[in-house]
Amino acid sequence: MSRIFGAVRQNGYVVRDIHAAMKHWIEVMGVGPWYYMDRVRTDWFRHRGQDSAVEMSIALANSGDLQIELIQQRNDAPSLYKEFLDAGHEGLQHMSYWSHDYQALYDKALALGYRIGHEGQIGGDKGRFAYFDTQAHPGTVIEISDTSGTKGPFFEKVRQAAMNWDGTRPIREVVGGRS
């Protein structure tokens with residue numbers, strides 16, 4: 001439990017091959033089902049304060065209450081994901097904290113001296129996220145995510161699906177908000 005951000009809710013892995021990563025988590029780790037989004041549409045995305053047209057695929061599953069996120073960037077647009085891969089890394093890139101009072105947490109982090117590495121929005125005003133430029137070594141980037149909008153119920157659906165998953169339908173493609 002972080003005295004600043006609360007409980008870690010997600011570990012985010014940046015991978016070069018999202019399908020191979022899902023296969024590993026399913027077959028080796030026994031984690032699933034995976035909710036896969038081939039092309040995530042952002043309302044906007046900025047890297048170090050500059051607009052960036054990042055394209056990415058995302059897969060989500062839970063191991064208990066901890067969400068596992070796999071991210072494969074699909075283009076060369078500037079992002080912390082690209083920086084991570086360009087530095088020769090692959091794997092755990094960030095830990096995410098979720099909030100229903102996103103703006104207050106965002107303002108608190110900035111007041112404490114955190115700097116934005118990249119940020120964006122998915123699905124409207126209550127879909128913001130920010131990654132703070134805190135990477136002292138791989139896997140230590142801090143993300144905060146607004147779960148007061150549609151993300152919150154979707155994340156709960158992913159968690160519930162994992163609770164009694166019997167191994168069937170290990171990958172569930174999300175198309176237009178449906179899976």
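**Core, sheet and helices**

Guide: In this predicted model, Leu 60 touches Gln 10, Pro 33, Trp 34, Tyr 35, Met 37, Gln 67, Ile 68, Glu 69, Phe 154, Phe 155 and Val 158, with residues up to four places away in sequence left out of the list.

Visitor: Which elements give two or more residues to the largest nonpolar core?

Guide: That core holds 24 residues, and Leu 60 is among those that touch the most other members, together with Met 37, Met 56, Ile 58, Tyr 131 and Phe 154. The elements giving two or more residues are strand S2 (34–37), strand S5 (56–63), helix H2 (80–86), strand S9 (128–132) and helix H4 (151–163).

Visitor: Why is one side of strand S4 and of strand S11 left without a neighbour in the sheet?

Guide: Eleven strands form an open sheet of mixed pairing, in the order S4-S3-S8-S9-S10-S7-S1-S6-S5-S2-S11. S4 (50–51) and S11 (171–173) stand at its edges, so each has a single partner strand.

Visitor: Which residue of S10 is the bridge partner of Phe 129?

Guide: S9 and strand S10 (residues 141–146) run antiparallel and are joined by four bridges. The partner of Phe 129 in S10 is Ser 145.

Visitor: At about what angle to S5 does H4 run?

Guide: Helix H1 (residues 18–29) lies across several strands, including S2 and S5, and runs at about 155 degrees to strand S6 (66–73). H4 lies across S2, S5, S6, strand S7 (91–99), S9, S10 and S11. Its angle to S5 is about 55 degrees.

Key. Residues numbered from 1 in each chain as written. Predicted model: local features only at pLDDT ≥ 70, side-chain atom pairs only at ≥ 80, totals over all residues. Heavy atoms only, no water. Core = buried A, V, L, I, M, F, W, Y, C linked by side-chain atoms within 4.5 Å. Buried < 20%, exposed > 50% of the residue type's maximum accessible area, 1.4 Å probe, protein only. Contact = heavy atoms within 4.5 Å. Pairing = 2+ DSSP bridges. Axes fitted to C-alpha atoms, helices over the stretch in contact; angles between N-to-C directions.
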